[in-house]
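Dear colleague,

Please find the structure below, handed over for your records. My notes on what was found in it follow directly after.

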Amino acid sequence: MPGFGFGFRSGRRRMRPGRSANPLRSIRPGPLWTGAAGSGFSQPPVDPVRTTAKPAMRLITPPNQYFTQDLLVGVIAGANNGGTLIDNLGLEKVIVHYEGATIEIPAPSYQTFADANGVSRSYLGWWVVLKKMTSGHAHLYFEALPKDGSMQARVIGPCQFSPQANAHDFEIQVAPSQTVLAGSRYQSIGAALTYLVQANAQNPRITVTESGTYDLGALPVPSELFLCFYP
């Protein structure tokens with residue numbers, strides 16, 4: 001159940017494009033994509049078997065996010081190029097593969113977005129905007145090509161991102177002093193989770209509306225949850 005524990009603040013935050021001297025590239029799934037993760041690829045990218053050094057690369061944006069608008073996604077990537085990273089972080093480019101579609105990012109840039117606490121942050125990286133299409137789940141890969149011809153390329157992925165009509169498929173409240181409303185409000189977090197598991201929820205939000213001490217107990221799902229606390 002991927003919706004129970006990824007993203008910012010144990011939930012999902014949408015990163016929005018910021019200002020940059022380099023124009024942002026955008027990409028949408030290829031024509032073969034049916035809404036099922038991986039369906040747009042006739043042959044998905046593969047990280048080559050290591051025989052020598054590769055660039056270092058990792059996601060800046062947490063994967064498994066559900067988004068209802070265009071989503072900014074980036075990686076930090078670089079490679080030793082004769083002892084320096086000054087020239088384009090040692091890379092020729094980064095290639096983005098998104099459900100059969102491909103674009104090239106020629107240079108890194110700074111992008112600004114609000115973090116989980118609403119604080120504006122700027123990061124240097126290789127950035128792309130995923131265009132909102134029909135609802136579904138999509139696989140994204142990044143490929144870093146080094147300037148040093150003796151090195152291999154590096155591919156990371158698949159990283160799943162999910163364009164959706166709604167950010168959450170279930171909205172549940174927890175209020176110990178209130179009566180239970182099946183499918184809407186429960187008196188404990190455990191009861192709410194039990195319902196969501198039975199309903200096969202994929203990306204629910206549980207909002208605790210009363211202050212107090214809550215014992216999560218033995219949970220029927222992974223321990224990272226999207227919880228909003230309002231006293």
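**Aromatic pairs**

A search of the whole structure finds 5 aromatic pairs, where rings of Phe, Tyr and Trp (its six-membered ring) pair if their centres lie within 6.5 Å, with planes under 30 degrees apart counted as stacked, over 60 as edge-to-face and the rest as tilted. In the pair of Phe41 and Tyr141, the ring centres are 5.4 Å apart and the planes stand at 90°, so this pair is edge-to-face. Phe41 belongs to the loop between β1 (25-27) and β2, and Tyr141 to strand β9, so the pair ties together parts that are 100 residues apart in sequence. Strands here are DSSP runs (E, at least two residues), numbered from the N terminus. Both Phe41 and Tyr141 are buried, where buried means under 20% relative accessible area, exposed over 50%, and partly exposed in between (1.4 Å probe, protein chains only). Ring pairs also link Phe113, Tyr123 and Trp127 into a cluster.

Please note that this is a predicted model: local features need pLDDT of at least 70 and side-chain atom pairs count only at pLDDT 80 or more, while totals for chains, interfaces and linings use all residues. Residues are numbered from 1 along each chain as its sequence is written, and side-chain values use heavy atoms, with hydrogens and water left out.

**Strands and sheet**

β7 pairs with β8 in the antiparallel sense over 6 bridges; two strands count as paired if DSSP finds at least two bridges between them. Opposite Phe113 stands Arg121 in β8. The two strands β7 and β8 form a hairpin with 5 residues between them, and Gly118 in the turn has a positive phi of about 80°.

An open sheet of 5 strands has the order β3-β10-β9-β5-β6, with mixed pairing. Its edge strands are β3 (65-67) and β6, each pairing on one side only. β3 and β10 run parallel and are joined by 3 bridges, and Tyr66 has Ser162 in β10 as its bridge partner.

**Nonpolar cores**

The largest nonpolar core has 29 residues, of which Val73, Val128, Leu130 and Phe142 touch the most other members. A nonpolar core is a set of buried Ala, Val, Leu, Ile, Met, Phe, Trp, Tyr and Cys residues joined through side-chain atoms within 4.5 Å. Among the strands that each supply at least two residues of this core are β4 (71-78), β8 (120-130) and β9 (138-146). A second, separate core of 10 residues includes Val174, Ala192, Leu196 and Ile206.

**Two loop residues**

Gln152 is found in the loop between β9 and β10 and is buried, with a relative accessible area of 13%. A polar atom of the Gln152 side chain lies 2.8 Å from the backbone oxygen of Val49, and one lies 2.7 Å from the backbone nitrogen of Thr51. Leaving aside neighbours within four places in sequence, Gln152 is in contact (heavy atoms within 4.5 Å) with residues including Pro48, Arg50, Lys54 and Pro146.

Pro44, in the loop between β1 and β2, is partly exposed, with a relative accessible area of 32%. The C-alpha atoms of Pro44 and Tyr98 are separated by 9.4 Å, although these residues are 54 places apart along the chain.

With kind regards

Conventions
Helix = DSSP H or I, 4+ residues; strand = E, 2+ residues; numbered from the N terminus. Polar contact = N/O pair within 3.5 Å; in protein donor to acceptor, adjacent residues only side chain to side chain.
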